[in-house]
Amino acid sequence: MLTVGLSKVAAEEAASKVLSELGLKASDDAAASLMKLLSAFGIDAEVSAGTEELHVKVTACSFSLVACDRFCPLPHVAAVYLSSKETRWSPRREGQHFVKKGDSGCEFTLAKVPQELAEVIDDQS
C-alpha cells in the first residue's frame, strides 16, 4: 500500500534522479535557478519572486499532457530542484490542484517552507 509519505519520498527520489541525469544544480538565486530548469525542459515562462514564494506563469510548454492541471510534474520537480538542506520549497495548491490552467498558459506557485516545519516533515518521511 502506497501511503502519502511513501508517495512523497518516491516522487522526490524520481525528481532527484531526473535532475541528476540532466546535471542541473540550483544556485542561491531561486528565481534564476528556476528559469534555468524550465529552459532545460524547453518551457517558456515568467518567474516572479516574492519574499517567501515564486510564482511561475508558463507561456509555452513542451509537455502535452491531457488534464495537465492535474498531472503536471513541474511544480514538484521544481520544488525538489530548489530544495536544499538549508531551504525547503513546496508547491502551493491552486484550488484543488497545483497548476491553474488558463487561456494563455498555466500558473503555479512554489512556497518556501519554514525551517521548523521542514524538520517536522523530514522526521515524518
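Me: Which residues and atoms do the values rest on?
Reply: Residues are numbered from 1 along each chain as its sequence is written, and side-chain values use heavy atoms, with hydrogens and water left out. As the model is predicted, local features need pLDDT of at least 70 and side-chain atom pairs count only at pLDDT 80 or more, while totals for chains, interfaces and linings use all residues.

Me: Why is Leu65 called partly exposed?
Reply: Its relative accessible area is 36%, and the term covers values between buried (under 20%) and exposed (over 50%), with a 1.4 Å probe and protein chains only, so Leu65 is partly exposed. Leu65 lies in the loop between β2 (53-60) and α3 (68-71), helices (H or I, at least four residues) and strands (E, at least two) being DSSP runs numbered from the N terminus.

Me: Why does Gly42 count as partly exposed?
Reply: Gly42 has 45% relative accessibility and therefore counts as partly exposed. Gly42 is placed in the loop between α2 and β1 (44-49), and its C-alpha atom is separated by 6.9 Å from that of Cys61, 19 residues apart along the chain.
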